[in-house]
Amino acid sequence: MNQTWDTEKYAAEFSFVYEYGNDLLKLIDLTDEHGRRGIDLGCGNGVLTKSLADLGFEMTGMDASSHQISAAQHNYPQLNFIQTDATDFKTEEPVDLIFSNAVFHWIDRDKQPDMLKCVANALRYKGQFVFEMGGYGNNRLIHQELEQVFSEYGYPYKMPFYFPTIGEYASLLEKAGLEVRYAILFDRPTPLKGDKGLEEWIRMFVNNPFRQVSEKDREAIIRRTAENLRSRLYKDGIWYSDYVRLRMKALKRK
Ligand code: BEZ
């Protein structure tokens, strides 16, 4: 993961990322009386960490971004937040819940087993692991079009995210000692804010492929990509991002 976050813009224009996360909270078994220690892995600005605390969990929010951790500490000074890498963390005591929303697709495929090992090591026996990430086919139209326009400008395009199928991710979970209890892959076309919603989305979330691109080409590529996608992703005055979600729940095996 290699992303610098503009936390104010993220909260003002892309709050849907954590607002949709509220649905994911429903997968958590609140009748499990074993304990209430929880981690929000990739907590961002802490909004969902707070929702989990309101459900009765004693939460720690973890995030690799110092900007997001500062925003979370500012928003919720009563909660515990630490800056750490999801692929390399430890807890002093086993926890009962690890939750994560819209984070794991930022982690490269070859680092996923490290991350899942940390999750399994941190959970107690039968502890809950509940998460959502971009799933197979996520933002396919956007990335295909970016690839096309990059090539017209003479640049290669490497899709910077990991969007697995249910089968692939279930296998990684099992290898890490986590037993899959729930899995769903579903389309969730998501409305974006403003007339330039798709351009802004690309500017906020697709950074690495543009590192090799000049500033002038960058803006031209973004504008042309949005224009080429207008007939497919702009409806009744609203831009949409073609999201596909992978939502899963697993329990720690013995
Ligand atoms: C997602 O939540 O699926 C996502 C968000 C930004 C970039 C890539 C994927």
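**View 1. Cys43, a buried cysteine in a predicted model.** With a relative accessibility of 7%, Cys43 counts as buried, a term that means under 20% relative accessible area, calculated with a 1.4 Å probe and protein chains only. The model is predicted, so that local features need pLDDT of at least 70 and side-chain atom pairs count only at pLDDT 80 or more, while totals for chains, interfaces and linings use all residues. Residues are numbered from 1 along each chain as its sequence is written, and side-chain values use heavy atoms, with hydrogens and water left out.

**View 2. Cys118 and the search for disulfides.** Searching the whole structure gives 0 disulfides, a disulfide being a pair of cysteine sulfur atoms within 2.5 Å. Cys43 takes part in none, and the nearest cysteine sulfur, in Cys118, is 16 Å away. That distance is too far for a bond; Cys118, at 10% relative accessibility, also counts as buried.

**View 3. The residues around the ligand.** By class, the shell residues divide into 6 nonpolar, 4 polar and 1 charged, with Gly counted among the polar ones and Arg among the charged.

View 4. Of the 260 Å² that the ligand exposes when taken alone, the protein buries 97%.

Notes. Near = heavy atom within 4 Å. Areas by Shrake-Rupley, 256 points an atom, 1.4 Å probe, with all protein chains shown as cover. Buried < 20%, exposed > 50% of the residue type's maximum accessible area, 1.4 Å probe, protein only.
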